[in-house]
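Please look at the model before reading on. My notes are meant to be read with the structure open beside them.

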Amino acid sequence: MKIHYTRVKKWFGFFCYFMLTLVGAVSAANVPIAQRTDTQQKPTLLIVKPYQITVDGKTATVYRIEQPNGTWGFHGIKGQDFNVIVKNEIAEPTVIHWHGLLLPNSQDGVPYVTQLPILPGQEYHYDFKLVQAGTYWMHSHYQFQLQQLLSAPLIIEDPNDANKNEQNVVLLLTDFSFKKPDIIWKDLRKDEEKNKQNKMTHSMSKSMAAPDLNDVKYDAYLTNYRTLTNPEVVTVKPGAVVRLRLIDGAAGSNYFIHLGSLTGTAIAADGESIEPLKGSIFTLAMGQRLDVLVKIPEGPGVYPILAQGEGTTMQTGLILATSGAKIPAFSNTAATVVGAVTNAQELELKALHPLAKKPIDRVLTVNLEGDMSQYKWTINGQAWPNITPFEIKQGQRVEIIFNNKTSMSHPMHLHGHVFEVIEIDGKPIQGALRDTVLLTPNSTMKVILDADNSGNWLLHCHLLYHGAAGMMTLVDYEGYPKPDLNLIKKEDSM
Ligand code: C2O
Ligand code: CU
């Protein structure tokens, strides 16, 4: 698709640079939340703009979502309005999705399903009530922009939360490549061609080697846009309790979170309260969030919070340090490779407020299929946008059975709802409430939800390239007007 949009005016670039120098020293993500709830009446402006980062001494232009005062993303209060104008100041269309929020379908930010793309220079107004509290995030749902870091924290505070006075530290984890995502995509597809030929020439060959844990080889993992060799350092008080708000915003990476010498207590998964779970290592899949309380020991100290990518030695993170502590150098690589994320943690999680007991009215079976060598990923044999939506009815208790028939893991995300995990690999549990669940290789999971939010809702793998290769579908409510998916087919063919 070749469209030439007018370039962002030069003065605007200078303006951004000026603003950045003003706010540069402050980490906008980590100022106390209480200071940030001034303007509930008039809309908050969220500007989508280009952003320069430095990775291993090389600069790259990615994207950012920030308010005119430099605040990264959005911080709101449960019960108040999410009244936001998204302004597109990049040279291509975009659409921002509010991941994990329960909202009217028209506000969901999915191109061609709930709205048209926001063209360069244009604005789009979102306005709905925040009915949840917790750690959420926002990200582009347009083409491959998530890979270009077009995402930001979306934190909602509960005025009645017992932990509301803890210092909040947001860690938005991403994966970065100097390659443009459409090149990454073409390379993944090229491998497909190669594999096809291999198969033809040696039909008996064992060329289908054990699948890699990672489709894409990244150049770096980032936390709040920074590498571990140049990390964000957050000052903490000796003896204080800090609430880590961990967000896996990566396009293609699951992480192990290492708290080092600290012991953490996980208190929420995907924004929903869980029974406290203690540990010093946690796992996080693409699209998921985890809130972990850590107690800072008395006396001076430096406490790195590290995230290591599944199947790699690569790591990212940020540093908690008491005032004046000397910060040692950290490396972007860990000493040893870490293995695959398993179901171990998920089996331990338990919602604090599980769904009411109710008979199941409707079962959706979601078979995840495809394989690495073809780079084709499907749901029940269908590839987005050539799909038949699932149909549910308002008021139903719905069970979704996920069958991962592939040897790769898939972080499956449903828009506009939270679901409760009730079974993993045949083992019944009273699990967490979530919006994203990791289907590990050849695993099955059952989740339940209440159909109480009419609309057309995306259900998809959050690994960006699996979604692009087809692993996306819709859950539609009976009676709600259907979107025209032909618009997507048209855009794809341009
Ligand atoms: Cu994080 Cu379809 O969304
Ligand atoms: Cu997937």
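1. Ground rules. This is a predicted model, where local features need pLDDT of at least 70, side-chain atom pairs count only at pLDDT 80 or more, and totals for chains, interfaces and linings use all residues. Residues are numbered from 1 along each chain as its sequence is written, chains are lettered from A and ligands numbered from 1 in the order in which they are written, and side-chain values use heavy atoms, without hydrogens and water.

2. Aromatic pairs. A pair of aromatic rings is described by the distance of the centres and the angle of the planes. Rings of Phe, Tyr and Trp (its six-membered ring) pair if their centres lie within 6.5 Å; planes under 30 degrees apart count as stacked, over 60 as edge-to-face and the rest as tilted. The count by this rule is 14 aromatic pairs. Take Tyr51 and Tyr225: the ring centres are 4.7 Å apart and the planes stand at 55 degrees, so this pair is tilted. Tyr51 sits in strand β1 (residues 44–55), and Tyr225 in the loop between β10 (220–223) and β11 (233–236), 174 residues apart. Strands here are DSSP runs (E, at least two residues), numbered from the N terminus.

3. Tyr225 has a relative accessible area of 8%, so it is buried. Tyr51, at 16%, also counts as buried. Trp72 and Tyr225 form a tilted pair, because their centres are 5.3 Å apart and their planes are at 40 degrees. Trp72 lies in the loop between β2 (58–66) and β3 (74–77), so this pair ties together parts that are 153 residues apart in sequence. Trp72 is buried, at 3% relative accessibility.

4. Phe74, Phe82, Trp98, Tyr124, Tyr126 and Phe128 are linked into a cluster by ring pairs. A charge sits over a ring if NZ of Lys or CZ of Arg is within 6 Å of the ring centre and within 35 degrees of the ring normal. Arg64 lies over the face of Tyr51, 4.5 Å from the ring centre. Lys58 lies over the face of Phe178, at 4.1 Å.

5. Strand β19. How many residues of β19 (residues 315–322) are buried? The count is eight of eight. Gln315, Gly317, Ile319 and Ala321 point one way, while Thr316, Leu318, Leu320 and Thr322 point the other way. In a regular strand the side chains alternate between the two faces of the sheet.

6. Neighbours of β19. Two strands pair if DSSP finds at least two bridges between them. β11 and β19 run parallel, joined by four bridges. Here Thr235 stands opposite Ala321. Strand β18 (residues 302–309) runs antiparallel to β19, with seven bridges. Tyr303 has Leu320 as its bridge partner.

7. Thr322. This residue of β19 is buried, at 4% relative accessibility. Its side chain reaches the backbone nitrogen of Gly301 at 2.8 Å.

8. Cys461 and His466 are buried.

How values were computed: Buried < 20%, exposed > 50% of the residue type's maximum accessible area, 1.4 Å probe, protein only. Polar contact = N/O pair within 3.5 Å; in protein donor to acceptor, adjacent residues only side chain to side chain.
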